[in-house]
Amino acid sequence: YLQSMPKSETIKLREKHIGAACQLFFRSSPLKIVRGVAQFMYDETGERYLDCINNVAHVGHCHPHVVEAGRNQMSLISTNNRYLHDEIVMLAERLVKTMPEPLSVCFFVNSGSEANDLALRLARVHTKRKDVITLDHAYHGHLTSMIDVSPYKLNLPGGPEKPDWVHVAPVPDVYRGKYTYPNDSTSEENLGKLYADEVGKLCDEIKKKGGVCAFIAESLQSCGGQIIPPEGYLKKVFKHVREANGVCIADEVQVGFGRVGTHMWAFETQGVVPDIVTMGKPMGNGHPVAAVITTPEIAKSFTDTGVEYFNTYGGNPVSCAIANAVLDVIEEERLMERAARVGNHLLSRCEGLQHKHKLIGDVRGRGLFVGVELVTDRETRNPATAEAKHVVNRMREEKILISRDGPDSNVLKFKPPMVFTTQDADRLVDTLDRVLSELNGGMTVNVKLEMMVTPIRDEVSNSSLQTNMPQLLKAI
Ligand code: PMP
């Protein structure tokens, strides 16, 4: 009952009817996932994979409490928020309790993109200005408005052109960014200032032509390669933006809901209070539900336009019941504490690997948000892109799913469901150790060859280079 057709048929139908632009993991040998339980996913043959990527399945795939909440509410009523319903107000009250004052007014939507789009609309209405500052390599969503503020997509050769109202500040990456440790400063505080002043300079420029509408950023940049900004960075940025009368939007779509372990929201790790917070992904544990939380003052500006807001599915009782159940599980299973404990273990084990493998240039993270940056040379910090690709493919063969990110796709990314255990972390690191040792022990030439033939290889195969070397050589 887990599949309606053989995998080969699924692939054929997908190729025929689903837009080829849609992302697919391991494209030339994709996975067919039919079931999930906690931190594991199963393919159609019953093979089990350890999921180290899925930050959406926050409290674990198919958590029974969440499934039950959705099923119950679905059997009672699924309507829209033009009627009163207890689930929506309870959810709003619970979310607001996790926020610092004055963040207290909620709008419910269906995806992270929609949440950020509404945040931008609120900022525009409130400030009556248009210009937005975003960070390089940032991703804030797939809507037209969000692609415009997402250099992650704008920078691609075929991507849309950056509009004039969008201003891009350097990402505060102290390892491979504009200012690095220890080259530009050995003090974190100082690096934070150097990066924040870049935003300050943009604010000054924008002020000359009218003024800043908003600054939008993830408080820990995930798409840019698991970036942890230096201490004090956001405090100084928010000061610059507010002096220019702009509002500060924190995108918590990936990093929210306790993933950082020490706090419910990643912006709290920088000691700031944004004007608008957006959230999504983990909120529904796989069900589409997202939200925007803002101040009464900004919400009033929106009301004062006289244009009523309506969103057919945003805040429907089923989505809200599911989001309430997710919050129950985070609290009852003490998942934030677990994220801190398991995350620290994972981070220190990865740091251990760094001593052993020269390929690992940097290890960074907060809770269950960890990045391992691969470089070909620790001095030059050149990205080991091909090696990272190889590692991701080899880990898949070992039934462990990880991903890679960053502008050079050389950062291994771990953001597992929060039910991840120390044993899972050990398995992940031990396997990574083995795969990196293989690279040290003679695979390097193959990987170099891969750099030359990557476009051809994508056509012919996607599993490990070693196993496909004859095919590859034929392709050359
Ligand atoms: N913001 C961030 C930081 C994201 O990572 C994403 C999705 N990857 C989005 C916004 C958009 O969310 P969605 O895909 O739910 O529209």
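Predicted model: local features only at pLDDT ≥ 70, side-chain atom pairs only at ≥ 80, totals over all residues.
Leaving aside neighbours within four places in sequence, Leu95 is in contact with Phe108, Phe257, Met279, Met283, Ile293 and Leu327; contact here means heavy atoms within 4.5 Å. Leu95 sits in helix α3, residues 86–97. Helices (H or I, at least four residues) and strands (E, at least two) are DSSP runs, numbered from the N terminus. With a relative accessible area of 0%, Leu95 is buried. Buried means under 20% relative accessible area, exposed over 50%, and partly exposed in between, with a 1.4 Å probe and protein chains only. The C-alpha atom of Leu95 is separated by 28 Å from that of Arg364, 269 residues apart along the chain.

Residues are numbered from 1 along each chain as its sequence is written, and side-chain values use heavy atoms, with hydrogens and water left out.

Let me turn to the ligand. Which residues are closest to the ligand? Among the 13 residues that surround the ligand, they are Gly112, Ser113, Asp251, Gln254 and Lys281; a residue counts as near a molecule or strand if one of its heavy atoms lies within 4 Å of it. Ser113 places a polar side-chain atom 2.5 Å from an oxygen atom of the ligand. A polar side-chain atom of Asp251 is 2.7 Å from a nitrogen atom of the ligand, and one of Lys281 is 3.1 Å from a nitrogen atom of the ligand. A polar contact is a pair of N or O atoms within 3.5 Å; within protein, one must be able to donate a hydrogen and the other to accept it, and residues adjacent in sequence count only if both atoms are side-chain atoms.

The structure holds 2 cavities of 30 Å³ or more. On a 1 Å grid over the protein atoms alone, a cavity is a set of points where a 1.4 Å probe fits but cannot get out, and a pocket is an open set with protein on both sides within 12 Å along at least five of seven lines; lining residues have an atom within 4 Å of a point. Grid points are joined across faces, edges and corners, and a volume is the space filled by probe spheres set on the points.

Ala, Val, Leu, Ile, Met, Phe, Trp, Tyr, Cys and Pro count as nonpolar, Asp, Glu, Lys and Arg as charged, and the others, Gly among them, as polar.

Gln221 lies in the loop between β7 and α8. Is Gln221 buried or exposed? Gln221 counts as buried, because its relative accessibility is 4%. The Gln221 side chain reaches the backbone oxygen of Asp136 at 3.1 Å. Beyond four places in sequence, the contacts of Gln221 include His137, Ala138 and Phe369.

The second largest cavity has a volume of about 30 Å³. Strand β7 (212–217), helix α8 (233–243) and strand β8 (247–251) each supply at least two residues of its lining, which has 6 nonpolar, 1 polar and no charged residues.
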